[in-house]
Amino acid sequence: EGLVEGGDNIKQANWLSVSNIIQLGGTVIGSARCKAFTTRAGRLRAARNLVEHGITNLCVIGGDGSLTGADIFRSEWAGLLEELVRDGQISEEVARKNCRLNIVGLVGSIDNDFCGTDMTIGTDSALHRIMEVIDAITTTAQSHQRTFVLEVMGRHCGYLALVSGLASGADWLFIPESPPEDGWEDLMCERLGE
């Protein structure tokens, strides 16, 4: 979104900008999905903003949507610059100076569902948050002799549920890769009754 909107959304980072953020979950820079970037007009505005700041290298951290969008942006780059020149928004010299857009894509997904990586960016901090919550509610569950149900994120991937279930000694677990069989309710009640 900052790429399309430009202005104060694009600024140079320094050591102070990134100090003491490694333990924070989520996106500390406030980036967000942008519907406008899915259109050519939005990508044209983004190209204009990058050229204006002299940026020709992008490091895109995200999932399928972000990385697909980055690939489209890269493939359209020359055409976007041509259009900006044709519309008089940039000179041919500026277009020549910025003729190449280099993109590095890093998989950022709490799902940990990307082949060829040990752990995707975001998985570790998500697991830490889940374990903090489990540690906090376990004592309460034991003192009140209650059963707690915890739902974790993971869209189509049960990695977070599986690993946090193993780490916490969960009695029952549902993951999308292995849907429950018929009669699971009775089996679960029997297990919890034990």
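Student: Let's start with N112. Is N112 buried or exposed?
Tutor: N112 counts as buried, because its relative accessibility is 14% and the cut-off for buried is under 20%. Keep in mind that this is a predicted model.

Student: Where is the place of N112?
Tutor: N112 is in the loop between β2 (102–107) and α6 (123–144).

Student: And what about the phi of N112?
Tutor: The phi of N112 is positive, about 55 degrees, although N112 is not a glycine. Most residues other than glycine have a negative phi.

Student: Which other residue has a positive phi although it is not a glycine?
Tutor: N20 is one, with a phi of about 65 degrees. N20 lies in the loop between α2 (15–18) and α3 (40–53).

Student: Is N20 buried or exposed?
Tutor: N20 counts as exposed, at 64% relative accessibility. The cut-off for exposed is over 50%.

Student: Moving on to N98. Where is the place of N98?
Tutor: N98 is in the loop between α5 (92–97) and β2. N98 counts as buried, with 7% relative accessibility.

Student: What is N98 in contact with, leaving aside its neighbours within four places in sequence?
Tutor: With those neighbours left aside, N98 is in contact with V51, G54, T56, W77 and L81.

Student: Is K97 buried or exposed?
Tutor: K97 is exposed, with a relative accessible area of 69%.

Student: What about L101: where is its place?
Tutor: L101 is in the loop between α5 and β2. L101 is buried, with a relative accessible area of 8%.

Student: Which residues is L101 in contact with, its neighbours within four places in sequence left aside?
Tutor: L101 is in contact with L50, T56, L58, F73, R74 and W77, once those neighbours are left aside. T56 and W77 are also among the contacts of N98.

Student: How far apart in space are L101 and C189, C-alpha to C-alpha?
Tutor: L101 and C189 are 57 Å apart in space. In sequence they are 88 residues apart.

Student: Then the domains. What does the domain assignment of the protein give?
Tutor: The assignment gives domain 1 (1–107) and domain 2 (123–193). The C-alpha centres of domain 1 and domain 2 lie 39 Å apart.

Student: Let's look at S125. Where is S125 found?
Tutor: S125 is found in helix α6. S125 counts as partly exposed, at 24% relative accessibility.

Student: How far apart are S125 and I110 in space?
Tutor: S125 and I110 are 8.3 Å apart, C-alpha to C-alpha. They are 15 residues apart in sequence.

Student: Now D186. Which helix does D186 lie in?
Tutor: D186 lies in helix α8, residues 184–193. D186 counts as exposed, at 61% relative accessibility. D186 and S164 are 24 Å apart in space, C-alpha to C-alpha, and 22 residues apart in sequence.

Student: Time to zoom out. What does the secondary structure of the protein come to?
Tutor: The protein has eight helices and two strands. Along the sequence, the pattern reads α-α-α-β-α-α-β-α-α-α.

Student: What share of the residues counts as buried?
Tutor: Of the 194 residues, 26% count as buried. The accessible surface comes to about 13800 Å², and 53% of that belongs to carbon and sulfur atoms.

Student: Of the contacts between residues at least 6 apart in sequence, what share joins residues at least 24 apart?
Tutor: That share is 59%.

Student: Last topic, charges. How far apart are the mean positions of the positive and negative charges?
Tutor: The mean positions are 13 Å apart, for 16 positive and 27 negative charges.

Terms used: Residues numbered from 1 in each chain as written. Predicted model: local features only at pLDDT ≥ 70, side-chain atom pairs only at ≥ 80, totals over all residues. Heavy atoms only, no water. Domains from an automatic or database assignment. Helix = DSSP H or I, 4+ residues; strand = E, 2+ residues; numbered from the N terminus. Buried < 20%, exposed > 50% of the residue type's maximum accessible area, 1.4 Å probe, protein only. Contact = heavy atoms within 4.5 Å. Areas by Shrake-Rupley, 256 points an atom, 1.4 Å probe, with all protein chains shown as cover. Lys, Arg positive; Asp, Glu negative; His and termini not counted. Charge placed at Lys NZ, Arg CZ, Asp CG, Glu CD.
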